[in-house]
Amino acid sequence: MSHHGVGLRAVTRSVAFLTAGVLAVPLVSACGGDQDEESKPLAGQDIAPAARDRLADGGTLRWAVDAVPETLNTFQADADATTTRVAQAVLPSMYRLDPNGRPQRNADFLESAKVVETEPKQVVLYKLNQQAVWSDGREIGAADFAAQWRALSGKDSAYWTARNAGYDRIEKVQRGANDLEVKVTFGRPYADWKSLFSPLYPKEVMGTPDSFNDGARRKLKVTAGPFNLKKVAKADGDVVLVRNPRWWGRTPRLDGIVLHAVPRDKRAEALAAGKADVAEIDPAEAERIVLAARGKSTPLQGPGAALTPARALRSWALAHGSDDEAAGAEAGVRRKQRAAATKYAEQQQSLSAFEVRKSLEPAYTQLALNGADGPLADERVRRAVARALDREEIAGLVLKPLGLPAVPVGSHLALSGQTAYADNSGALGGQDTDEAEELLADAGWVPGGPLGKPGKKDGEKVAGGEGEKAGGKSAAPKASPKTSPKAGKAGDDDGTYVVGDDDKPYGEPVRDDHQNPRDHREHRDGSGKKNLAQDGKQSVQKHPEQGGAPGAYAPKGTPAPAGAAAGALAKDGKPLTLRFVLPSGPGSATLRAVGERIARMLDRVGIRTAVTKVSDDSYFKDHIASGQYDLALYSWPASAFPATDARPIYAKPVPAADGSLNVEQNYTRVGTDQVDQLFDQAISTLDEGKSASLVRKADARIWAAGGSIPLFQRPQLMAVRKNTANVGAFGFQTPVYEDMGFLKEETLPSSPAGD
């Protein structure tokens, strides 16, 4: 949730439901109260640390990224992860995160910063490093702080800002006793003041609406970091950074860094071709790199895995087709396959120069439950869904094959190692089938209830989905004739199917997911008023493992057959079927595997899931943000400042002027007044311990409401050239770009040289 390593900032609001009646859970101080013992990160960073004197002077590090950014201004709605990476390398930051995910003063820019007054107003005094200058030689000072405050305060709508949290609490920014002091006075107390001015842009960018809106989208004329921005080459897919000759800190070991756009499913090929030295990869590509190590034992693969020609043929065939193709390839039947397998083997040889560095990403994947309408508007049903889940099993499904700690996430607002972390899942309770069934029965969902009969009018829906709107009109989106090129391939077919009652296990995940809703900040209206077509084809399809068993039917509006499987729950003539939307793209296999395991768990307590697979591009904007789902999986990044950054995600929704609901980023549409009040108290409490305690209490209430269920911290897998040091899986820590480099030849004689 923070920018520049101190939190990708968020802004948005949503629909909400109060914790009701007898199911209201009292706050448990043992879960949500003060912590005597600090938590620790579940996995440390893996960056091959090396002293600077072991690194060669020079070289260019080629770093694969998802795309060339649309803007270099992190405060705009279309900023992305690459925008943040550029800002980290070329702009000032007052604070950055340490390996525990906690903000630490950045001594290159800041000699000190502290609250010097609390009455009548909170005043923070910044004392800047006297050597800190912009790349044009001008000192960094109060004028830059003041320009950024004015641009982000929210008072001037001419600035197209995506967020202003914290800046809207500032009353004035002044020069202190000298040019190196900046005095910031707050109109309202602000606990997360350390989140501000990171990154800090020059007044040339922040000074006018025109320069803010357009001036920093493709270039930064003035910077102040260990690197400068040389150019953004959209056509080549490159962002080129070079050493800043005016940098006053430790001299960068690298001459430059090239951020090169590479699709995630092409990362292994790019590494093998020498187009990248560093790339975030998925588990399948990590396995390729481990295989290339020829027999080295790792958690991803056992010993004795030498890459023979036959093995290369089979590996290529399995990666690109079926077992039949594998058999044909090994026998040398097809010339085309042999040529492709030879190329694959050559790539494997090149990949032996790389290794996989792994940790846990500062982000977690959750199951979101849309409480706007339908069965999940009832808190008892949401709680039943949660009690049906074995979160330890789900975490193990994703993380154990990678050799990473398979520990479920216990907080919505922080991760283990961060100040505000506490496992508050006890406020909702763990896996308990009997309790889940009792909650469903209490909500009126009973086995064997009368189901709808075939022949319903078009548009009439089974329970679930978007639910029935006022006047009985269905809000289901229209089906799209568009079909996936992979349709018909087991496990990849788009469309909808209802999970039946067969007990066959689902396969293990082979890819990490990258469904992060902060990549879609431009979709700020969650009212879902427009009729959005689904991308997946909506023809009736069987689940690949069901073979036509009762319950294996599709699109919404299809009535439950008379012979529905025993144990199905119904109420008012409708079966309990929840619409589970999952992405269909090649980079989302982990989400699909997790979703299918969840569907199995829910089926055991009588909750059916109509699983719909849609394209990755459509998944978030057309389904999550617009509320066209009952269940969904997506991820949130962790924040060092949860009182600021997490509030929009869990705030109670408020009516907008046009009668719709303003959901901010609360895409589950579940919130309570009490959670809002706890956030307000936490953000206004300058005592850090008390503020963290209030955040933990808010988290316990969020658990009790059952709008979202944290599952696991996401794996972070980085392919890195073996002779590269101080780069890899950073975990929580903000990368230190000036310390990255290639090891000297005498240090690693057998490794390929860097650029």
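This is a predicted model: local features need pLDDT of at least 70, side-chain atom pairs count only at pLDDT 80 or more; totals for chains, interfaces and linings use all residues.
**View 1. Helices, strands and the reach of contacts along the sequence.** The chain contains 19 helices together with 24 strands. When contacts in the chain between residues at least 6 apart in sequence are considered, 76% of them join residues that lie at least 24 apart.

**View 2. The largest nonpolar core and the surroundings of Tyr126.** The largest nonpolar core holds 168 residues, and within this core Trp63, Tyr126 and Leu367 are the residues that touch the most other members. With its neighbours within four places in sequence left aside, Tyr126 is in contact with Met94, Leu110, Ser112, Ala113 and Phe145, as well as with Leu180, Glu181, Val182, Val184, Trp193 and Phe197.

**View 3. The crossing of helices H7 and H10.** Helix H7 spans residues 283-292 and helix H10 spans residues 335-351, and their axes, which come within 8 Å, cross at roughly 80 degrees. Because angles of 65 to 115 degrees count as roughly perpendicular, H7 is described as roughly perpendicular to H10.

**View 4. Residues at the contact of H7 with H10.** On the H7 side, Arg288, Ile289, Leu291 and Ala292 take part, and they meet Tyr344, Gln347, Gln348 and Leu351 of H10.

Conventions:
Residues are numbered from 1 along each chain as its sequence is written. Side-chain values use heavy atoms; hydrogens and water are left out. A nonpolar core is a set of buried Ala, Val, Leu, Ile, Met, Phe, Trp, Tyr and Cys residues joined through side-chain atoms within 4.5 Å. Buried means under 20% relative accessible area, exposed over 50%, partly exposed in between (1.4 Å probe, protein chains only). Contact means heavy atoms within 4.5 Å. Axes are lines fitted to C-alpha atoms, for helices over the stretch in contact, and angles run from 0 to 180 degrees between N-to-C directions. Helices (H or I, at least four residues) and strands (E, at least two) are DSSP runs, numbered from the N terminus. Angles under 35 degrees count as roughly parallel, over 145 as roughly antiparallel, 65 to 115 as roughly perpendicular and the rest as oblique.
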